[in-house]
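User: Please take a close look at one part of this structure for me. I'd like the whole chain first, then the details, in one connected answer.

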Amino acid sequence: LWHHVTEDNHKAAASLAVVGLTQCRPVLHAFAEIHAMASDKEQVLVRDRLLGHVRQSQGRPQEGQLAANAISLLCVAGISLAGLDLSNIHVPNANLQGCSLTCSVLSNAQLSGADMRGAVLDFADLSGARLHGVQLGALACTLVGHTLMVTNLAVAPDGRTMASVACDKTVRVWDLHTGKLLRTLEGPQGEIHAVSISGVDTIIAASSPKDLRLWRLSTGKLLHKMADRDAPKHVAISEDGRYFVSNTAEPTVCFWNAMTG
């Protein structure tokens, strides 16, 4: 299959039009492994050819099998489809698990029976799309606590804890397995825009009025309070918790020592 896609696209199309790959996980995973080891040139070629097969189905239901297989291969290979115009495609029963579809146009698409669990659909246009039998995954829980709009989220590396920040000037720490609120941290004076969690029990948040704060995740103890030169918009902390960076509207990035502040 990989050889056909890279060497003979006509044979690839013929194969993809008759076989059902969307639920054949061994084949999909093998394709993903080969893709990961391929050269950049081959990866670009595969993306363009498979995407061409997907778009071939726009307004053409008879190409549905070919397009569903092609888009399944794109998604399992981790190829982003964000921001693409995929309106009117026919990809019934496609495997779109974890696929990046942010800002994609999927209006009037035939997606019936597709597996879209874990797909990123932020700002995607699904108007008029046929979604009968689509698998989206069950809602595990709803986290209730913030009183104003939530502006950012960060999940700890172990996947058990999450921090959320909001316009209510608080940082809230949650147990993702139970949905329980573990603690509320009083944030800086202003709407909080960013948050990051390291792998060693440290959490950092940033707010609009030139203020950065660092807490111990397990206890909620405030470790450091730092003043940034301008309103920080994003923060990222290293996995070992020793350093972090912040940026602002200015063309600069600030590098901080988290141990000393």
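Analyst: The chain exposes about 13,100 Å², of which carbon and sulfur atoms supply 54% (areas by the Shrake-Rupley method with a 1.4 Å probe, only the protein chains shown counting as cover for residues). This is a predicted model, in which local features need pLDDT of at least 70 and side-chain atom pairs pLDDT 80 or more, while totals for chains, interfaces and linings use all residues. Residues are numbered from 1 along each chain as its sequence is written, and side-chain values use heavy atoms, leaving out hydrogens and water.

Of the 261 residues in the chain, 43% are buried (under 20% relative accessible area; exposed is over 50%, partly exposed in between, with a 1.4 Å probe and protein chains only). The chain has 5 helices and 11 strands (DSSP runs numbered from the N terminus: H or I of at least four residues for helices, E of at least two for strands).

E63 counts as buried because its relative accessibility is 14%. Beyond its neighbours within four places in sequence, E63 is in contact with Q56, S57 and H90 (heavy atoms within 4.5 Å).

α5 is mostly covered, with 11 of its 13 residues buried, among them G64, L66 and C75. α5 is followed by G78, whose phi is positive, near 75°.
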